[in-house]
Amino acid sequence: MKQYKTSKQLALVIDLNVCVGCHACVTNCKEWNTSGSAGALSDDNPYDKDPTGTFFNRVQTYEIGEYPKTETIHFPKSCLHCEEPPCVPVCPTGASYKREEDGIVLVDYDKCIGCRYCSWACPYGAREIDEHQKVMKKCTLCVDRIYDTDLPEEERKPACVLACPTSARLFGDVHDPDSEVSEAIREQGGYQLMPEWGSKPSNHYLPRRKQKVKHSPEELERVDNPLKKEDYQAEDSAGPSLDDVTSW
Amino acid sequence: MQPAFSVIFLTTLIGMGQGVFLAIYTEHVYSVLNVVQQSNNSQFYVIGSVVALGLLVLGLFASFFHLGHPERAWRAATMWRTSWLSREVIVLPIVMFFVFVYAVLHFFEFNIVLITFGSIDVNLSLVIGAVATLTVFALYICTAMIYASLKFLQEWHCVLTVLNYTLLGSASGFTATALLSFYTQADKFNFYLGWSLVLLVLAFISRIASLYRNRRLRPISTVQTAIGIRHNQIKQKSMGFMGGAVNTRDFFHGKTRLFIRSIKQIFIWLLFIVPLCIMTLTFYSPSYEMIGLAMISMYLGLLAERWYFFADANHPQNIYYQVIS
Amino acid sequence: MSQSNATKEDHIEVKNTTCYMCACRCGIRVTLKNNEVRYIQGNPDHPLNNGVICAKGSSGIMKQYSPGRLTQPLRRKQGAERGDNDFEVISWEEAFEFLENKLKELRKTDPKKFALFTGRDQMQALTGLFAKQFGTPNYAAHGGFCSVNMAAGMIYTIGGSFWEFGGPDLERSKLFVMFGTAEDHHSNPLKIELAKFKRKGGRFISINPVRTGYSAVADQWVPIRPGTDGALILAIIHEIIQQGLYDRDFLIQYTNSAELVNIDEADDEQGLFIRAKSKDLDADSCIDPQNKLWWDRHENSAVETHLQSADPYLLGEFTLGAEVTTREGKQQCSKAGTKVKPAFQLLVERVKEYTPKWAATITGIDEETIKQLAHEMGITARDQKIELPIPWTDTWGNEHESVTGNPVSFHAMRGLAAHSNGFHSIRSLAILMTLLGTIDRPGGFRHKAPFPRPIPPCAKTPKGPEGVKPDTPLAGMALGWPADPDDLFVDNDGEPVRLDKAFSWEYPLSVHGLMHNAITNAWRGDPYPIDTLMIFMANMAWNSSMNTVSVRDMLKDKDEHGNYKIPNIVVCDAFQSEMVAFADLVLPDTSYLERHDVMSMLDRPISEYDGPVDSVRIPILPPLGNSKPFQEVLIELGSRLKLPAFVNDKGDRKYRDYPDFVINYETEAGSGIGFLAGWRGKAGEKFMKGEPNPNQWEMYEKNNCVYQYHLPKSYQYMRNFNKGYLQWSRKHRLTRFAEPITIHVYSEVLQKFKLAAMGKRQGKQPPEHLRERVKTFFDPLPLYYVPLESQLTDTQKYPLNAVTQRPMAMYHSWDSQNAWLRQIHAHNYLYVNPKTANASGISDDDWIWIESMHGKVRCQCRYSEAVEPGTVWTWNAIGKGSGAWGLSPKANESQRGFLLNHIISEELPPNHEHKHLSNSDPVTGQAAWYDVRVKIYKADDQHNQKTWPQFKTHKQIPGTVKDKPKWFAFFAGLDKFKGGQS
Ligand SMILES: Nc1nc2c(c(=O)[nH]1)N[C@H]1C(S)=C(S)[C@@H](COP(=O)(O)OP(=O)(O)OC[C@H]3O[C@@H](n4cnc5c(=O)[nH]c(N)nc54)[C@H](O)[C@@H]3O)O[C@H]1N2
Ligand SMILES: Nc1nc2c(c(=O)[nH]1)N[C@H]1C(S)=C(S)[C@@H](COP(=O)(O)OP(=O)(O)OC[C@H]3O[C@@H](n4cnc5c(=O)[nH]c(N)nc54)[C@H](O)[C@@H]3O)O[C@H]1N2
Ligand code: SF4
Ligand code: SF4
Ligand code: SF4
Ligand code: SF4
Ligand code: SF4
Ligand SMILES: [Mo]
């Protein structure tokens, strides 16, 4: 398979430790992209049975373990911008491509014939055909935001990243060892999905990290225990005492 | 996967078309080599080629229904370096071209002899036929590799896929040719029928082998690798949307296990057992109806086989789309 | 990419306003392309959300262009029945004429007959003012069915509350414990803070029967049986006291823990604090006089609290001597010989029986875990003290060099509130927070202006029927804060004056009203029938009613003459909700992007911990069709009815429109207090108080629609007792007094009600049948009791608790019309622990019945390991009536979605106390949504893929979009629905 060498590889790093599954990234992505250069993203049956539409980003939920040791994981997933994207070489038209300058995997809607083959070739289910424009779409890493010099510097980030209230979505260059994302991957055990296929997703996930405490029994015994101040004995001062019954 | 009828028709029709060509060309070679009785078969070669072409065109036509933008289909020829689909798109017209030339040569009986080896005249049509044959095989490979090259579709990612496409296409093509030859080339009928039987038996073996293989496959991707969490009890609770999406429409057949199993039985009977029986009988008492019946059974079986081929493949993306709520 | 960005000809504008896809009120920036909304993003310069946004906020576009929008005033057609959705379009003038005539007549005769109830209303300042001016006591917003327990339980204890009035200081906290919260109002800020908290290594514990959302990221999930948190918290208090893990200094200085309580059973003042001298305070004053006593260990006698030299006991029993030491010297003690105990001693005695072992059997949480929780809270609070170098002065004049804090914080919401024992559970929580010394201190709980307020706050309702007079404004607030039984709003027989029976002996501290009983009471004519019911922004034919099926019948029920029992129903909504079907008159409201709005200091502003903040909405689009902001409707009506606040002396209209009103209205002539606190004064140089500023709106607009004031650092903490802050607050008229707000570990207010019930108190007396009830539940100390409904249910037969949760991506019933959000939650399941389901032979995905003693609902089961086995739950308000909200009758919401409300009753089963007691907390009237007990069983016909009950399909009504697109692809600035028509 073709080796894609890009000096820069932009990507998202999703911190499962803080994602609360709010779907902000889902609809903000939809909103940005539908009237942006990836749009319009169509919706079918919008007010009818089984509403469905093109979204670039979904948040799923998994339950791990058995009650009461259950973990609930909220799991956002969009195109992972693979370093060896299996979806690209299979595309017969070249509509699917990986940008050399930043590693973003994109679809050229003008070339796409809508054969869906690339979506078969993506193990992650990250591509969605637009049922009305009949071209393949997917997360663009907001390529139409991140280089837009009309936007203030700090807003040149993907829409989902700006939207996310828990900042569970980090954005940056995973090839730059000093970037925030690389550091997070390195230090917090960032991992890739389905590593078995060699697609080398650029997007990484940071695992849950748990804070645990254990107090030793000694910590309950303290000289400054306020109970010691409540030594009021007035009630017990009546009646006989040792003074009354001993004679030495 | 959700079987797409456009693709089912495409692959079965062009496979058969290729097979028809292979059948007539095999006979051509045999007769040149004097293995079979020589006769002036030009007319039949023309008919065969035209039928082959017809099937290829039909297949191509069906494929357009799969495309969102058929008007841009030409673009699909650009990425032959990496894409088997692109290669298929390139090879298919080449096959058609050579089959066409082959037909034209026979039609005009334009039989310039190029070289002679002993008693054997190698004429132009023989050479063009050889080239066409090569392209036909290339096309089988391209078509099959579209599926076999997707390594995470484990059910497809196997040489058996290529073998099956080739054998099934050839077998159906030979049978179709046998049918064609019943009146026009009665003397060659048994030739085609014999080959059909041989190919069908081989295809049967190879297809059963792949069924056997696929049954024993263990998915390499699991929910654990899909979300990167190690625990033996992980259940999806929500896929993130409720009314379905491309992910649920294109990658799930949505049919019951029973239905799938029936389709398997159906294709095994219709594609292999029934035609094999009929064709064996036909050997002894050739009849147009019998071979016709075998052909019909076979094609229906082929459709079922192809449907099953797609439905059988379990895409790893499905791990992400298990449960709504 | 083919669709290129904006071309030259496109007209692009960016405007700031405030989101109203929920009550969180984030700042948003709206990009318009050719006058259509293209993009809504969080405003990075907004103090509340710092640029982030949520799923709902991001889907505002689809609210704006929803086909379910109402665009025309409608009148029920002659001869058509309520519920039929047979409407005709009328003009606004016709609507106003009708309302003017009707309301004029009611106001002239009996203003009570007009009732105004509002749902998730963010302008109670205006709706409340209108009701008061009209003169009706029958006004309330959602609080009563929402979280009044949270407000009352905490405000009556610490003078502030979670909900919109305060929260956890996660920036400095080390341990954060969250009870019963799925999403809450402070959606985005809480998420921002929670993530930061976790990232810096804070430990997060969630106590909740269900693990979703926030609980998902908790370091420890403590599943609890619903309705039992009171037991857990009291056991934690028990353990904390047992281990001496409380903050003694804090309790002494800032709470009434050390104050001496009269324990003489023979005394009529039993259970009240002993007071040194009775300062003559005016009767209406709402301050808590600082004249109580401590038992000083040095003098071994009673001394006035906060004497410099004193070192009081928290424990013990004492007998008052002849004298007490006060600041002015020794004084005769009027209660000499009386036995007293510090309040803390009484608390210790109260929680004695509440052992962790006891709580384990009730809550389902094992004893070890309860102790672990207590130890962790106590040790973290004690050993990880925070000290900030911020000097401050307390109200007793002591100077402090620093602000200190104990970094344990809490948050709680409806999981505690929506139970009939919620008031006491929440009071227990407030006491636990107090024991840990975490009130308005760094790392703990922090107030938001205008809180803290006196305990209880000053506002009062009229005290009897005489407060309601024709053609006269109400003699008090419609909602207030009773300080003792005499503050109740009852007649001479102790019967309620309000329709919802708020502030009556049934629910004395129902400070937010009981909206959930308004329709039932009006229908029954108990306490009296009404004439006109006006509902604003509440879907009372659906998700804000309990017992929805019956309530819908009541709305259309007729008397023997064939007249509706509730003669007139006026509904102001923005969408074709289920409620609209029952209206006689429909007033179409605008969307939030089309109107002026004020998040006022007079209501629930968006204040931050470090000072008051208020905000506004500014219209960025013209109103759709003939829709009109309800604010304008009220201003217009107020002017036509000549309500004093809306007209000048000559009776002429005073305000052109709502923006004009906001600028110029003052609470009293010349008070300088108005709806907005920022940029007051002629040139905008003042804040909080100041003359009207004609350019106020522009100034808000220029400032991200927000006015934020940062208090000086030394005023930011310990505000209950912070001299500087209290004086600042008085000066700027946030409060009337600058007295300290001592924390009520022991509640004298509650004791006064108890004394009345015991017949030990002059003044208002409860009716006999309620004496026992008041005596039981008005306890000065926190207590645990089994939720009322469970007490009256056969729990063998109905073994499970059923609760709902807020989905983060949906707001109540608002969002089913939203094409994007409904793709996330199109219908709902009942989540059941597999063990529980298996026991009833139910498989994942099966159709099941969920049945309570009030009714049953057919729905689909979904297994979940993240729910306590005794609990089943579902997302709230996803199910809809077929055809409502502009959806097709076949939409998933109505066919596969369901509403749990059908099996929750608004009234308790008849019992000895009363035939028609509300299913509410007996202290506050909080609707006990989460008390319902149920059983589940498999439905017979698994092939029937439909929920039950089903209702008559809502017809499409005039003004809403008739031909809804079969598909569309929204693209701002082009033809917006480039889709096929159905
Ligand atoms: N089972 C169960 N029931 C519950 C709860 C629960 O937890 N479980 N929670 C309860 C709680 S806490 C609450 S607060 C209530 C909320 O209940 P409600 O206040 O009744 O319900 P909402 O769905 O918020 O919407 C009320 C109406 O406001 C309309 N609306 C939306 N935007 C606008 C606008 O801009 N202008 C106008 N005029 N109308 C608008 C909507 O169309 C809707 O009809 O639900 C309660 N019901
Ligand atoms: N996205 C979104 N945000 C909203 C709303 C919305 O509809 N959607 N509604 C707004 C309104 S009006 C309100 S009132 C707030 C309410 O905000 P929340 O208080 O978060 O409301 P609920 O979703 O009712 O959450 C109650 C939580 O308590 C748990 N619970 C139930 N019973 C018990 C119990 O006995 N003990 C404990 N410990 N937990 C229990 C439930 O499992 C659930 O997690 O949210 C506001 N914010
Ligand atoms: S995630 Fe899928 S679509 Fe995205 S680059 Fe990888 S293979 Fe391609
Ligand atoms: S759908 Fe479009 S992008 Fe995908 S393989 Fe086909 S032509 Fe390429
Ligand atoms: S990067 Fe942009 S396109 Fe991709 S998921 Fe985020 S918002 Fe959507
Ligand atoms: S916006 Fe952030 S917290 Fe919300 S679902 Fe997406 S990643 Fe998770
Ligand atoms: S939390 Fe509420 S106010 Fe804030 S963006 Fe979301 S919907 Fe709007
Ligand atoms: Mo609420």
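Select chains C and A together and begin with their charged pairs: there are 6 salt bridges between chain C and chain A, a salt bridge being a side-chain nitrogen of Lys or Arg within 4 Å of a carboxyl oxygen of Asp or Glu. One to display is the pair C:Arg29 and A:Glu155, whose side chains meet with N to O at 3.0 Å. The side of chain C that touches chain A is made up of 48 nonpolar, 26 polar and 23 charged residues, where Ala, Val, Leu, Ile, Met, Phe, Trp, Tyr, Cys and Pro count as nonpolar, Asp, Glu, Lys and Arg as charged, and the others, Gly among them, as polar.

Before going further, note that this is a predicted model, in which local features need pLDDT of at least 70 and side-chain atom pairs count only at pLDDT 80 or more, while totals for chains, interfaces and linings use all residues. Residues are numbered from 1 along each chain as its sequence is written, chains are lettered from A and ligands numbered from 1 in the order in which they are written, and side-chain values use heavy atoms, with hydrogens and water left out.

Now widen the selection to the whole contact between these two chains, to which chain C gives 97 residues and chain A gives 83 residues, contact meaning heavy atoms within 4.5 Å. Together chain C and chain A bury about 7,200 Å², of which 54% is on carbon and sulfur atoms; buried area is the accessible area (1.4 Å probe) that two parts lose on being put together, summed over both. Between chain C and chain A, 43 residue pairs are in polar contact, both residues being at pLDDT 80 or more. A polar contact is a pair of N or O atoms within 3.5 Å; within protein, one must be able to donate a hydrogen and the other to accept it, and residues adjacent in sequence count only if both atoms are side-chain atoms.

Helices (H or I, at least four residues) and strands (E, at least two) are DSSP runs, numbered from the N terminus, and two strands pair if DSSP finds at least two bridges between them. Within S37(C), C:Trp967 is the bridge partner of A:Asp44.

Move to ligand 7 and show the residues near it (a heavy atom within 4 Å): the surrounding residues include C:Cys19, C:Cys22, C:Cys24, C:Cys26 and C:Cys54. Helices H1 (55–58) and H7 (187–199) of chain C are the elements that give two or more residues to this shell, and by class the shell around ligand 7 has 7 nonpolar, 3 polar and 2 charged residues.

For another ligand, select ligand 3, which is surrounded by 13 residues, the closest being A:Cys79, A:Cys82, A:Cys87, A:Cys122 and A:Arg127.

Finally, turn to chain B, where 8 residues are in contact with 11 residues of chain C and the two chains bury about 750 Å² between them. Here the rule finds 0 salt bridges. Inside chain B, however, B:Arg207 and B:Glu305 form a salt bridge, with the closest N and O atoms 2.5 Å apart. B:Arg207 lies in helix H6 (residues 186–215) and B:Glu305 in helix H10 (residues 288–312), so the pair ties together parts of chain B that are 98 residues apart in sequence.
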